[in-house]
Amino acid sequence: MEKEKEIVKRLKSFLGENLVKVTIPRERRIFSYIRKEVLREAVNYLVNVLRFKHISTITGVDLGGEIEVIYHLAYEGSILLSLRFTVSKEKPNVPTITDIVSGAVLYEREVHDFLGVKFDGHPDLSPLMLPEEWPQGVYPLRKEHKLEELKEMTSKKVGEKML
Amino acid sequence: MNPCPIKIPFGPQHPALKEPENFLFEIEGERIVDVKPRIGYNHRGIEKAFECKTYIQNIYLAERICGICSDAHTTCYTQAIEELLGLEVPPRAKYIRVIIAELERIQSHALWIGLVAHEIGFDTLFMYVWRDRETVLDIFERISGNRIHYAMNTIGGVRRDISSAMVLEIKKSLNHMEERVKYYLDVVKSERTILKRAVDIGILEPKDAVNLGAVGPTLRASGVNHDVRVDDPYAAYDEIPFNVITHEDCDVLSRILVRCEEMHESIEIIHYALGYMPDGIIKTEIPMNFPEGETVSRVEAPRGELIHYLKSNGTRKPERYKVRSPTLGNIPALCRMLLGGFVADIPIVLAGIDPCFSCMDRMAFIDIKTDEKWVWTMQQLRRKFTNE
């Protein structure tokens, strides 16, 4: 756990009070909660200074009124750090990190497709997973959309257009 | 030379394989100048489905995320739940998980080598490898009753034991497989048909591989020594000695060699695990209550790093379950490999990352000037590009 603690220490001294909370639930796992405003600096620092070169994925979670965005970054393929913050559903804008980590390009599009998080500065946010005919503003992994509703939507609206 | 702006949509339909995908290629002459991936044709809403089912039902759902690496997904899923519950899996179950995972790696890599041989028109090798792959599927049938979807994992352990009679049979089959893998390595290294189509094709520089988030054999064929089994050990991998295979040449041949040698390494791992498997129970009791919390679970699937994220809200159903399969991680790297290459190399480079799809049967060509569309079959393409 020495390595994990050292990483947390360095991240703390870099981000200061912009690092809201940090936990080490077990070996090789770090959960860190940051303010949205420092996302790009934090990612830049993690990737280029602390050598978290690999991005495993980006997860979006609907928390009710807000959406939590979690960046899973890996140090030397080993220690997995989850960098996370929340955005409101009304204004779900987040700056892109694709210019820092190119590997994030599809993960950002995926979160955009399913939870409607807008990644400002992303080169192309066209649908990646959902069909072109998918109704605007319906983000299937948000909790307000129940499974039955989505089923009906896909079978009727999309189905008709596709036929 | 006046470049002719032609866009080639590649895919998405393929009747035989799952996960169809579409790539829009922009070409100048024979060179690829732009690639746009479009995926999701096989999107089934599994993450939403996870939220609507109980943890027990979700074992069956996780098994069905993928047909080839079903065990990787259930291992990842059960690990996430076990970490949430604070369960310690019995040592024997950990070894059985390793054995099944490595058997799965062998059959998955064998399937892939067959497909690659087929893509470059070397059908003899394709038939040899797929015949030998049956050896591994027979082992699966002996252990679990199923050739695929072996359903071995459950929360707290595994569902079936491996008896001492089975151990002998498995070892015998593995010895046969080992001979065959040696033969494939010989063929791959010396056969002109393969070398001509695989050397210096689909280059992925190590720097790009890391920055684009490549995983698994694709990453290791660019000389980057990362493997979840070593970096973030799970099951019994921290007790078993083995080598991580890397190759430095960054081309399709490297990807073939990495997988061939990994098959050999997997056989060694299984032999070791069968020999050192401790006695005891194979499953612990699971508590009735699932606490609130979240876990991130990682597994080295045959195609690379697989990651699952679980958020529990204290009920019997997960609040959020996220799956990122290795193929998605490799798509940006794949696009990089294709850039600057020849149209004729698209199939082999695409197949090179071992994607869960193959849209090689049918391509539609669109001439922008006349807006004329036509479709070539794979046979026509092969005739054009290989002078068959």
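**Helix packing and the chain contact in chain B**

Author: In this predicted model, B:V167, B:I170, B:K171, B:L174, B:M177, B:E178, B:V181, B:Y184, B:L185 and B:V188 of helix 6 of chain B meet B:I256, B:L257, B:C260, B:M263, B:H264, B:I267, B:I270, B:H271 and B:L274 of helix 11 of chain B.

Reader: What classes of residue does the contact of helix 6 of chain B with helix 11 of chain B have?

Author: That contact has 15 nonpolar residues, together with two polar and two charged ones.

Reader: And at roughly what angle do the axes of helix 6 and helix 11 of chain B cross?

Author: The axes of helix 6 of chain B and helix 11 (residues 252-276) of chain B cross at roughly 160°, coming within 10 Å. Since an angle over 145 degrees counts as roughly antiparallel, helix 6 of chain B is therefore roughly antiparallel to helix 11 of chain B. The crossing in which helix 6 of chain B passes helix 11 of chain B is left-handed.

Reader: Okay, and how do helix 5 and helix 6 of chain B cross?

Author: The axes of helix 5 (residues 123-144) and helix 6 (residues 164-190) of chain B cross at roughly 165° and come within 10 Å, which means that helix 5 of chain B is roughly antiparallel to helix 6 of chain B. Among the residues making the contact are B:V129, B:V136 and B:I143 of helix 5 of chain B, and B:I170, B:M177 and B:Y184 of helix 6 of chain B. By class, the residues of this contact divide into ten nonpolar, three polar and five charged.

Reader: Switching to helix 3 of chain B, why is it largely enclosed?

Author: Helix 3 of chain B is largely enclosed by the rest of the structure because 14 of its 16 residues are buried. From first C-alpha to last, helix 3 (residues 70-85) of chain B reaches 23 Å, close to the 22 Å expected, and B:G86, with a positive phi near 70°, follows helix 3 of chain B.

Reader: How much of chain B as a whole is buried?

Author: Of the 388 residues in chain B, 49% are buried, and chain B holds 14 helices and ten strands.

How values were computed:
Residues are numbered from 1 along each chain as its sequence is written. Chains are lettered from A and ligands numbered from 1 in the order in which they are written. This is a predicted model: local features need pLDDT of at least 70, side-chain atom pairs count only at pLDDT 80 or more; totals for chains, interfaces and linings use all residues. Axes are lines fitted to C-alpha atoms, for helices over the stretch in contact, and angles run from 0 to 180 degrees between N-to-C directions. Helices (H or I, at least four residues) and strands (E, at least two) are DSSP runs, numbered from the N terminus. Angles under 35 degrees count as roughly parallel, over 145 as roughly antiparallel, 65 to 115 as roughly perpendicular and the rest as oblique. Two residues are in contact if their C-beta atoms, placed from the backbone, lie within 7 Å. Ala, Val, Leu, Ile, Met, Phe, Trp, Tyr, Cys and Pro count as nonpolar, Asp, Glu, Lys and Arg as charged, and the others, Gly among them, as polar. The expected span of a helix is 1.5 Å times one less than its number of residues. A residue is buried if 20 or more other C-beta atoms lie within 10 Å of its own, exposed if 12 or fewer, and partly exposed in between; C-beta atoms are placed from the backbone. A crossing is left-handed if the near helix is turned anticlockwise from the far one by less than a right angle, and right-handed if clockwise.
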